[in-house]
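Please read it with the structure open beside the text.

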Amino acid sequence: MKAVLLDTEDHYGIAELDEPTPGPGQVAIRVAYAGIQWGDTMVRDGHFPVPRPFVPGFEATGHIVAVGEGIDPGRIGEPVAALTTAGACAEVAVAPAVLALGIGDMPLRTAAGLGWGAPTAYDLINTTSRVRPGESVLVHAAAGSVGTLAAQFARLAGAGRIVGVAGSAARADYAAQFGYDEVLLRGEFPAALGDEKFDVILDPAGGSTRQAGVEQLAAHGRLAAYGNLSTYEPVLANTNDLLMQGKSLMTYNSNLLSQTHPERLADSASRALGLVADGHVRVDITAEYDLTDVAIAVQQLANGSTQGKSILRVA
């Protein structure tokens, strides 16, 4: 089979490899599309140390072609959207069966827009910060795959005011399509907000953005940290100050959740998929690349050029 390989020099190439065989609890998928997500940039840049050469790709849609021990053979032929630990940028990939979700009649290309971003956004709104009706929500990286979905999930949860933060005017205009009441530029945060406080803040940035976010929380507000786009430097918070104002600094790690409680992640992914299937939530695929162009796709995401979701066409 054809597969992308990331070598020790951080270069991507196409290689011919043997098709992987699913182990216990796994399925093998004939991949139609692979999603591009932030984890791809982290692997490339060495923040996720993995043995090289490495077959990248953490999201796949396609049809199940084989099952491992303990998995119903009746799933062979089922169209699925799967979250993988690696290997989605190949003609055949393996994934945990519990994280290979049946998509029914949904087109494989549409389902490729879900990936890890959909359960992440769903959980950030519904299980981590638990947005309540009437609450205000601030979302950083508003134009990305998580940000565009989070705004929609927040609206469905009954949020009263939803504000996004984006890195450029073009990205702010794009994010505004997904239900934000206002979208600020990154350089305007937090000054443009004045004295406005938020019940919930979603922060994948870290650093000074996270520190400012804690100050921007209302009483009983929750800041959900789920990444470090800007810096890996630690952010220190005084728990006594948080306690006095009822503020909470929370974290969400979907990769860890897939290892400790994959059934929880699968449930959230399934709920998100259902909301897309019934038209309550829209995924937006803004770029489609050939398998040979994975380096371009990852770099576009890394440098902030990507809006919405990018995918690779495998078959």
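1. Helix α3 and helix α9 (residues 262–277) pack at an angle of about 95 degrees, and their axes lie 8 Å apart. The two helices, α3 and α9, are therefore roughly perpendicular to each other, a label given to angles of 65 to 115 degrees, whereas under 35 counts as roughly parallel, over 145 as roughly antiparallel and the rest as oblique. On the α3 side the contact is made by A118, P119, Y122 and D123, and on the α9 side by L265, S268, A269, R271, A272 and L275. These residues of the contact of α3 with α9 divide into seven nonpolar, one polar and two charged.

2. A word on the basis of these values. This is a predicted model, in which local features need pLDDT of at least 70 and side-chain atom pairs count only at pLDDT 80 or more, while totals for chains, interfaces and linings use all residues. Residues are numbered from 1 along each chain as its sequence is written, and side-chain values use heavy atoms, with hydrogens and water left out. Helices (H or I, at least four residues) and strands (E, at least two) are DSSP runs numbered from the N terminus; axes are lines fitted to C-alpha atoms, for helices over the stretch in contact, and angles run from 0 to 180 degrees between N-to-C directions. Contact means heavy atoms within 4.5 Å.

3. Helix α3 (residues 117–128) also packs against helix α4 (residues 145–156), at an angle of about 40 degrees and with the axes 8 Å apart. That angle makes α3 oblique to α4. In this contact G117, A118, T120, A121, Y122, L124, I125 and N126 of α3 meet V146, L149, A150, F153 and A154 of α4. The residues of the contact of α3 with α4 divide into ten nonpolar, three polar and no charged; here Ala, Val, Leu, Ile, Met, Phe, Trp, Tyr, Cys and Pro count as nonpolar, Asp, Glu, Lys and Arg as charged, and the others, Gly among them, as polar.

4. Leaving aside its neighbours within four places in sequence, D123 is in contact with T128, S129, Y252, L257 and S268. In helix α4, Q152 likewise counts as buried, at 11% relative accessibility, and Q152 touches F178, H280, V281 and R282 when residues up to four places away in sequence are not counted.

5. The model contains an open sheet of six strands with parallel pairing, in the order β10-β9-β8-β11-β12-β13. At the edges stand β10 (182–185) and β13 (248–251), each with a single partner strand, so one side of each is left without a neighbour in the sheet. Neighbouring strands of this sheet are turned by 20 degrees against each other on average, direction ignored. Strand β9 (residues 161–166) pairs with β10 in the parallel sense over four bridges, pairing being assigned if DSSP finds at least two bridges between two strands, and G164 stands opposite V183 in β10.

6. Helix α6 packs on this sheet, touching β8, β11 and β12, and its direction makes about 155 degrees with that of β12. The buried residues of helix α6 (residues 207–215) are G207, T209, R210, A212, G213 and V214. What covers them includes β8 (136–140), β11 (198–203), β12 (217–225) and α7 (239–245).

7. Elsewhere, strand β5 (residues 79–83) is mostly covered, with four of its five residues buried. Strand β4 (residues 59–67) pairs with β5 in the antiparallel sense over five bridges, and T61 stands opposite A81 in β5. Strand β7 (residues 100–102) also pairs with β5 in the antiparallel sense, over three bridges, and V80 stands opposite G102 in β7.

8. Some backbone details deserve a look. The peptide bond from R52 to P53 is cis, with omega near 0 degrees, and P53 is found in the loop between α1 (38–44) and β4. The peptide bond from F189 to P190 is cis, with omega near 0 degrees, and P190 has its place in the loop between β10 and β11. H220, in strand β12, has a positive phi of about 70 degrees although it is not a glycine, and at 58% relative accessibility H220 counts as exposed.

How values were computed
Buried means under 20% relative accessible area, exposed over 50%, partly exposed in between (1.4 Å probe, protein chains only).
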